[in-house]
Amino acid sequence: MAIKSFQGVRSKEENKKKYNAPILVEDYMTRKLITFSPDQSILEVMETFAKHHISGGPVLDNNGFLVGIVSEADCMKQISESRYFNQPILDKSVERFMTKNVETVPHDMSIFDVAGVFARHNRRRLPVMKNDILVGQISRKDVVVAALKLTSHSWK
């Protein structure tokens with residue numbers, strides 16, 4: 001005797017599992033950023049890094065536009081140079097040491113594409129832009145966390 005299903009015929013749409021996992025940069029980026037200005041002292045930046053346990057941040061002009069990014073690596077250069085030339089670090093501004101040609105990513109880029117950007121470039125963080133406005137920052141760690149949250153069904 002054959003076993004019959006009591007569920008009835010299923011439509012093709014019901015057979016497809018709908019899985020809408022968040023896979024965009026904007027789903028995992030940090031939105032509340034500690035930012036710096038070009039005229040801040042590098043010493044103040046280092047103190048902020050230590051106080052907030054961060055390793056870098058975007059540099060914004062007076063109008064709020066991204067003009068650079070400053071990192072611990074930039075501070076290391078300053079510390080090294082100050083010792084070599086026996087000069088204090090108090091009077092040096094962020095503008096002298098920040099990275100000015102900043103690579104950015106759009107808010108609607110997939111985390112898979114961002115992972116590729118991180119793999120090709122030696123960056124720890126990337127500013128996230130929407131209509132030329134800084135809206136957040138994504139780090140390598142954010143991408144790893146995003147990948148862990150995805151199941152094998154959502155990898156496209």
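Colleague: Leu33: buried, exposed or partly exposed?
Modeller: Leu33 is partly exposed, because its relative accessible area is 23% (buried is under 20% relative accessible area, exposed over 50%, partly exposed in between, with a 1.4 Å probe and protein chains only). This is a predicted model, where local features need pLDDT of at least 70 and side-chain atom pairs count only at pLDDT 80 or more, while totals for chains, interfaces and linings use all residues. Residues are numbered from 1 along each chain as its sequence is written, and side-chain values use heavy atoms, with hydrogens and water left out.

Colleague: OK. Where does Leu33 lie?
Modeller: In the loop between H2 and helix H3 (42-52). Helices here are DSSP runs of H or I with at least four residues, strands are runs of E with at least two, and both are numbered from the N terminus.

Colleague: And what is Leu33 in contact with, neighbours within four places aside?
Modeller: Pro58, Leu134, Gly136 and Gln137, where contact means heavy atoms within 4.5 Å. Leu33 and Leu134 are 101 residues apart in sequence, with 9.9 Å between their C-alpha atoms.

Colleague: Switching to the sheet. What is the order of the strands?
Modeller: S3-S4-S5, in an open sheet with mixed pairing. Strands pair if DSSP finds at least two bridges between them.

Colleague: Which strands stand at the edges?
Modeller: S3 (105-106) and S5 (133-139). Each has a single partner strand, so one side of each has no neighbour in the sheet.

Colleague: How do S3 and S4 pair?
Modeller: In the parallel sense, over two bridges, with S4 covering residues 125-130. Val128 in S4 is the bridge partner of Val105.

Colleague: Which helix lies across S4 and S5?
Modeller: H6 (residues 111-120), running at about 135° to S4. Axes are lines fitted to C-alpha atoms, for helices over the stretch in contact, with angles from 0 to 180 degrees between N-to-C directions.

Colleague: How do the axes of H6 and H7 cross?
Modeller: At roughly 140°, coming within 10 Å. That makes H6 oblique to H7, because under 35 degrees is roughly parallel, over 145 roughly antiparallel, 65 to 115 roughly perpendicular and the rest oblique. Ile111, Val114, Ala115 and Phe118 of H6 make the contact with Arg140, Val143, Ala146 and Ala147 of H7.

Colleague: Now the largest nonpolar core. How many residues?
Modeller: It has 14 residues, and Val25, Val105, Val114, Phe118, Leu126, Val128 and Ile138 have the most contacts inside it. A nonpolar core is a set of buried Ala, Val, Leu, Ile, Met, Phe, Trp, Tyr and Cys residues joined through side-chain atoms within 4.5 Å.

Colleague: Which helix gives the most to this core?
Modeller: H6, with four residues. There is also a second, separate core of 11 residues, including Ile42, Phe49, Cys75 and Met98.

Colleague: Back to Val25: buried or exposed?
Modeller: Val25 is buried, at 0% relative accessibility, and is found in helix H2. Its C-alpha is 7.7 Å from that of Val114, 89 residues apart along the chain. Beyond four places in sequence, its contacts include Val105, Met109, Val128 and Ile138.

Colleague: Last one, Ser93: buried or exposed?
Modeller: Ser93 is buried as well, at 19% relative accessible area. It sits in the loop between H4 (72-84) and H5 (94-97). Apart from residues up to four places away, Ser93 touches Pro38, Asp39, Gln40 and Ser41.
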